[in-house]
Amino acid sequence: MALRVAVVGASGYVGSRLVPELLARGHEVVALHRRPEPQRFPWSDAVQWRRADVQDEAQVVAALEGVDAVCHLVHGLDDADFLQRDRRAADNVAYATGRVGARRLVYLSGIVPDLPLEQLSEHLLSRLEVEQVLAGADASVLTLRASMVIGAGSTSFEVMRQASHRLPVVQAVPAWMRGSVIQPVSAADAVWALAEALERPDVTGWLDLVGPEALGYVDLLRTYAAQARLVRVQVPVWLAPVDTVARLAGALVDVPSRTVESLVPSLGHDMVATRDAATVLGEAPTGRLTPAEAIARALAEEREDGAAVGGDPQRPSAGDPDWSRHRPLLTWLRSLAQRAM
């Protein structure tokens, strides 16, 4: 049955790739945005754009009027007060979902390690808090907890890509990261699972959205280097405080530094599945991509718009932020020299 789905954060990385998947499945899409003019995507004319600030309850209620399902994709890591802002946004979306009578609410969160709350990073604490707020909505609610999303334009992928290309042959890896294990998911599998979840109101609670392989961060860096044909050797650094690593990483890449500094503390946690979504929702017809396969498709030279209907979500999109545009090392070094002059 065709649904009318509101995508909260439609012009963001995941949202811009989820919309064409929903359209391909025959659903109507209401695309929420907060900028005066939404990004131009290949599917822009196929959806109804509604402008709303998720911090404003009345605007969210008006924007969700008439929808059957809601997918909440808004995260605010680039804001100094992202915990409070994300909490307020979640409260408004939860209230509006029930107010307009939408029957389904799906949220994309992050994997939450089984640790005492005081040991979690602010990034993961915020994701957990948003889950709990949204779970109170008067609707069927499911949270999909994703590990790192691999795809051109993904924040965590771009941090890995840019750092890998800009660091020299010998890469220093903080010792506190070397024991951590991650189970990354491809962008293609993430958008497929989100679309599937919106169609399955019988599935509630939370599930982990992951790929088929778990590996250490060092192994993931080696996998990236192999696919990108880089010669890189990782060596452990014992005296590397989390805060220092976060600041250095933020300065090294084009991704907004505040976002990077919010993400880095989570790298000390294992990010693996305890409730694999694939065992409940199933897999895409072609099966889940391994990290190597996902990276290879994200690095492919052919530029096919990843946000087009029928396009490959792994690839770049015209609407992706400027900081996600890969720049060769010499071009980056030249820009640094120009800023220093």
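How close do the axes of α8 and helix α12 come, and at roughly what angle do they cross? They come within 9 Å and cross at roughly 45°. Keep in mind that this is a predicted model, where local features need pLDDT of at least 70, side-chain atom pairs count only at pLDDT 80 or more, and totals for chains, interfaces and linings use all residues. Residues are numbered from 1 along each chain as its sequence is written, and side-chain values use heavy atoms, with hydrogens and water left out.

**Helix pairs**

- Two packed helices are described by the angle between their axes and the distance between the axes.
- Helices here (H or I, at least four residues) and strands (E, at least two) are DSSP runs, numbered from the N terminus.
- Axes are lines fitted to C-alpha atoms, for helices over the stretch in contact, with angles running from 0 to 180 degrees between N-to-C directions.
- α8 and α12 are therefore oblique to each other; angles under 35 degrees count as roughly parallel, over 145 as roughly antiparallel, 65 to 115 as roughly perpendicular, and the rest as oblique.
- Where they meet, α8 brings Leu-220, Thr-223, Tyr-224 and Gln-227, while α12 brings Pro-291, Ala-292, Ile-295 and Ala-296 (contact means heavy atoms within 4.5 Å).
- The axes of α1 and α7 also come within 9 Å, crossing at roughly 60°, so this pair is oblique too.
- On the α1 side, the contact uses Tyr-13, Val-14, Arg-17, Leu-18, Glu-21 and Leu-22; on the α7 side, it uses Ala-187, Val-191, Trp-192, Leu-194, Ala-195 and Leu-198.

**Nonpolar cores**

- A nonpolar core is a set of buried Ala, Val, Leu, Ile, Met, Phe, Trp, Tyr and Cys residues joined through side-chain atoms within 4.5 Å; buried means under 20% relative accessible area, exposed over 50%, and partly exposed in between (1.4 Å probe, protein chains only).
- The largest one has 41 residues, and Val-7, Leu-144 and Leu-194 touch the most other members.
- Elements giving two or more residues to this core include β1 (4–8), α1 (13–24) and β2 (28–33), but α7 gives the most, with 9 residues.
- Another core, of 27 residues, lies apart from it, with Met-148, Met-177, Met-271 and Ile-295 among its members.
- Leaving aside neighbours within four places in sequence, Leu-194 is in contact with Val-14, Leu-18, Cys-71, Leu-73, Val-106, Leu-108 and Leu-144.

**Helix α5**

- Among the buried ones are Phe-157, Val-159, Met-160 and His-165.

**Residues to look up**

- Leu-32 sits in strand β2 and counts as buried, at 4% relative accessibility.
- Although Leu-32 and Val-7 are 25 residues apart along the chain, their C-alpha atoms are separated by 6.0 Å.
- Asp-86, in helix α3 (residues 82–100), is buried, with a relative accessible area of 5%.
- Asp-86 is 11 residues from His-75 in sequence and 6.4 Å from it in space, C-alpha to C-alpha.
- Arg-229 lies in the loop between α8 (217–228) and β13 (233–237), and is exposed, with a relative accessible area of 78%.
- Most residues other than glycine have a negative phi.
- Phi of Arg-229, however, is near 60°, a positive value.
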